[in-house]
Amino acid sequence: MLSVTQDRVQTENAKVSKSALRTFFNIMDTWNLNANESMILLGLDSRSTYFKWKKHPETANLNRDKLERLSYIFGIYKALQVLLPKPESADQWIKRPNSALPFQGKSALERMLTGKVADLYIVRQYLDGQRGWS
């Protein structure tokens, strides 16, 4: 009985991983980020794993850290699409210098590339605040 439950969990994880990673890689392409930048945002150290997941996302077993990172990235992407309806403006925003307090003249991407989940959270929180959410 336990193995049936474990099989279901693994099947669900494979589906979630496949969908989430496909979305992630599409956003990375849209933002014109390279493999190293994408790996930092995902919190991944292994280039071979990165390219394996890119080619076969269903093979990934995403842990809570990776899922949390993906959630913040998806939220940042969505918030930008809402705040800046012109796709090219939304997609370039992360690379533009920003004088807002969380960025101190640097870009949101520079902040996110520290590799800390907290910085993804701060960018997401800032954008949600701009949308009128708190």
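Q: Are Trp 93 and Tyr 126 buried or exposed?
A: Trp 93 and Tyr 126 are both buried. Buried means under 20% relative accessible area, exposed means over 50%, and partly exposed is in between (1.4 Å probe, protein chains only).

Q: What kind of model is this, and how are residues numbered?
A: This is a predicted model, where local features need pLDDT of at least 70, side-chain atom pairs count only at pLDDT 80 or more, and totals for chains, interfaces and linings use all residues. Residues are numbered from 1 along each chain as its sequence is written, and side-chain values use heavy atoms, with hydrogens and water left out.

Q: How many aromatic pairs are there?
A: The count comes to eight aromatic pairs. Rings of Phe, Tyr and Trp (its six-membered ring) pair if their centres lie within 6.5 Å; planes under 30 degrees apart count as stacked, over 60 as edge-to-face and the rest as tilted.

Q: What is the geometry of Phe 24 and Phe 25?
A: Phe 24 and Phe 25 are an edge-to-face pair, 5.3 Å centre to centre with 65° between the planes. Phe 24 counts as buried at 0% relative accessibility, and Phe 25 counts as buried at 7%.

Q: And Trp 93 with Tyr 126, what is that pair?
A: The pair is stacked, because the ring centres are 6.3 Å apart and the planes are at 10°. It links distant parts of the chain: Trp 93 is in helix H5 (residues 87-93) and Tyr 126 is in helix H7 (residues 117-130), 33 residues apart. Helices (H or I, at least four residues) and strands (E, at least two) are DSSP runs, numbered from the N terminus.

Q: Which residues make up the aromatic cluster with Phe 24?
A: Phe 24, Phe 25, Tyr 50 and Phe 51 form one aromatic cluster.

Q: Changing topic: which domain does UniProt list?
A: The unreviewed UniProt entry lists residues 20-73 as "domain: Antitoxin Xre-like helix-turn-helix". UniProt positions are given in the numbering used here, feature names are shortened, and annotations may be inferred rather than shown by experiment.

Q: What does the span of residues 20-73 contain?
A: The span is 70% helix and 0% strand, and its end C-alpha atoms lie 11 Å apart.

Q: How do the axes of H2 and H4 cross?
A: The axes of helix H2 (residues 35-42) and helix H4 (residues 64-83) come within 8 Å and cross at roughly 110°. Axes are lines fitted to C-alpha atoms, for helices over the stretch in contact, and angles run from 0 to 180 degrees between N-to-C directions. H2 and H4 are therefore roughly perpendicular to each other; angles under 35 degrees count as roughly parallel, over 145 as roughly antiparallel, 65 to 115 as roughly perpendicular and the rest as oblique.

Q: Which residues meet there?
A: Ile 40, Leu 41 and Leu 42 in H2 meet Lys 66, Arg 69, Leu 70 and Ile 73 in H4. Contact means heavy atoms within 4.5 Å.

Q: Where is Met 112, and what is it in contact with?
A: Met 112 is in helix H6 (residues 108-112) and is buried, with a relative accessible area of 1%. Leaving aside neighbours within four places in sequence, Met 112 is in contact with residues including Ile 40, Leu 41 and Ile 76.

Q: Is Lys 52 buried or partly exposed?
A: Lys 52 is partly exposed, with a relative accessible area of 45%. Lys 52 lies in helix H3 (residues 47-55).
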